[in-house]
Amino acid sequence: MDTAAGLMNVIEWFTDPANWTGENGIPVRTWEQVQISMFAMIIALVIALPIALILGHLRKGMFLATNIGNVGRAVPTLGVLTILASIPEIGIGNLAAILALALFAIPPVLTNTYTGLAGVDDEVRDAARGMGMGPMGILSRVEVPLAVPLIAAGIRTATVQVVATASLAALVGSGGLGRYVVDGFALQDNTLIIAGAILTAGLAVIAELVLSQVQRAVTPKGLRSASRAEIAEQEIPV
Amino acid sequence: MSATVGDASNPWLSWSYVQDYWPELVAAGREHLGLTVGSVLLAILVAIPLAVLIRRLPVLTGPILGLSGVLYTIPSLALISLLWPVFGLSPWTVIIALAVYGLLVVLRNIVVGLQEVPGDVLDAATGMGLTQRQILTRVSLPLAMPTILAGIRIATVSTVGMVTIGALVGYGGFGTLILSGFQNNFWHAQIMTATLGCVILAVFFELLLLLVEKLTLPWTRRRAS
């Protein structure tokens, strides 16, 4: 493909008003991807946060919390996505994508939240107990605030990963920005492939930039320097 | 009885599928292995000179690692798609795209590993009269090795999963089987077997590289990785 001509085609595609309206327009596809990601994150948080808070407070289940990430890495997202979409009760479409993405968002949230809670100094906990706090008080007023940098880092890592991976959902018949790429390959349309790739990459980078600001904002000032360095293990988007 | 497409019975696990399609599975596994090893080796080859550059010009550490964090968020689907007009339907499209992710992990771990060498140790080495080069090869690198090898291991296992996306350009190892099984009327046995093939390959690499870490770095045996 002639690179210059190809680039012109992509620019033309982006400036064509037809690509900004209707069911297959950029705003609708972007919103679909954001929606799929949001639902996946809500499910993941509802499952991962309570488990991690309880285990972290009790300081039990270290093995689970540290190894669940390794298991997640070994399982291919494409495999889980197609398996879920092939179950008749789930079927192709957004539901399979939401469930698959939720599964992959659980490990980073769980591991980081657990690590954050388990990392709170014993002396600090003893002091809180000495002040007359019960388990719930210690958890909500001492442990969680101190663990916020890591909890926020885990949620951010998981969210960025989900937003990026949501583009794969198009392979199993969901909407989202991956549609352009998958349709482009089906139609042998290079312009559509490149435009889709730019859009999916752009959305993921925007999510990363926005969420890193959110993470900074929710992290108490005194804890800020530690927030970035201590992320247990960054996950690779798939 | 083998479950063929369109059959009412569409089992997830079928030994007869494995038997009937053994040659296809082996071919997919070989391709998967080749793509994984190729992209990780390429990543290491590029990471080493970059790490040397960062050491010479520490001012580049922030920008390079910061940029890598942003690059890291780009989905592999997008990266493979962006490279495909350049390299076409070839294994290099997949190898080069995935090498980018591997590069980021390996490079970051080399840099972080070398930075984490305690200053006291470096002072002691200088005091013993070691030259800069000797300090690097005899003190810093051995101490950084656990972090570097862990980076290579994480990069490799992640790459095994990402290779599946190469199915988009026809080079996805087990991913090609997963996708064709899906398009072939939700052929459960093929989707599940190929997915498990991926997991087995990932676990194999994880254990192999953990073993390499243990054998080459006996002094880290008591430390959690």
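Predicted model: local features only at pLDDT ≥ 70, side-chain atom pairs only at ≥ 80, totals over all residues.
Is Val86(B) buried or exposed? Because it has 12 C-beta neighbours inside 10 Å, and a residue with 12 or fewer is classed as exposed, Val86(B) counts as exposed. If you look for Val59(B), which is 27 residues apart from Val86(B) along the chain, you will find that the C-alpha atoms of the two are separated by 33 Å.

Stepping back to chain B as a whole, its secondary structure comes to nine helices and zero strands, so that, read along the sequence, the pattern is simply α-α-α-α-α-α-α-α-α. The C-alpha trace of chain B spans about 75 × 40 × 20 Å along its principal axes, and 40% of its 225 residues count as buried. When we take the contacts in chain B between residues at least 6 apart in sequence, 71% of them join residues at least 24 apart.

Now let us turn to how the two chains meet. In this model, 37 residues of chain A are in contact with 35 residues of chain B. On the side of chain A that touches chain B, at least two residues each are supplied by α3 (62-74), α4 (77-86), α7 (135-165), α8 (178-187) and α9 (190-218) of chain A, and the largest share, ten residues, comes from α9(A). Sorted by class, the residues on this side of chain A divide into 22 nonpolar, 13 polar and two charged.

Why is α4(A) described as largely enclosed by the rest of the structure? The reason is that nine of its ten residues are buried, among them Leu78(A), Leu81(A) and Ile83(A). The buried residues of α4(A) pack against α5 (94-118) and α7 of chain A, together with α7 (132-163), α8 (174-183) and α9 (188-216) of chain B.

Finally, consider α5(A) and α7(A) as a pair. Their axes come within 8 Å and cross at roughly 160°; since an angle over 145 degrees counts as roughly antiparallel, α5(A) and α7(A) are therefore roughly antiparallel to each other. The crossing of α5(A) and α7(A) is right-handed, and the residues that make the contact include Leu101(A), Phe104(A) and Pro108(A) of α5(A), and Glu143(A), Ala147(A) and Leu150(A) of α7(A). By class, this contact of α5(A) with α7(A) has 13 nonpolar, nine polar and one charged residues.

Methods. Residues numbered from 1 in each chain as written. Chains lettered and ligands numbered in written order. Contact = placed C-beta atoms within 7 Å. Helix = DSSP H or I, 4+ residues; strand = E, 2+ residues; numbered from the N terminus. Nonpolar A, V, L, I, M, F, W, Y, C, P; charged D, E, K, R; others polar. Buried ≥ 20, exposed ≤ 12 C-beta atoms within 10 Å, placed from the backbone. Axes fitted to C-alpha atoms, helices over the stretch in contact; angles between N-to-C directions. Parallel < 35°, antiparallel > 145°, perpendicular 65-115°, else oblique. Left-handed = near helix turned anticlockwise from the far one by under 90°.
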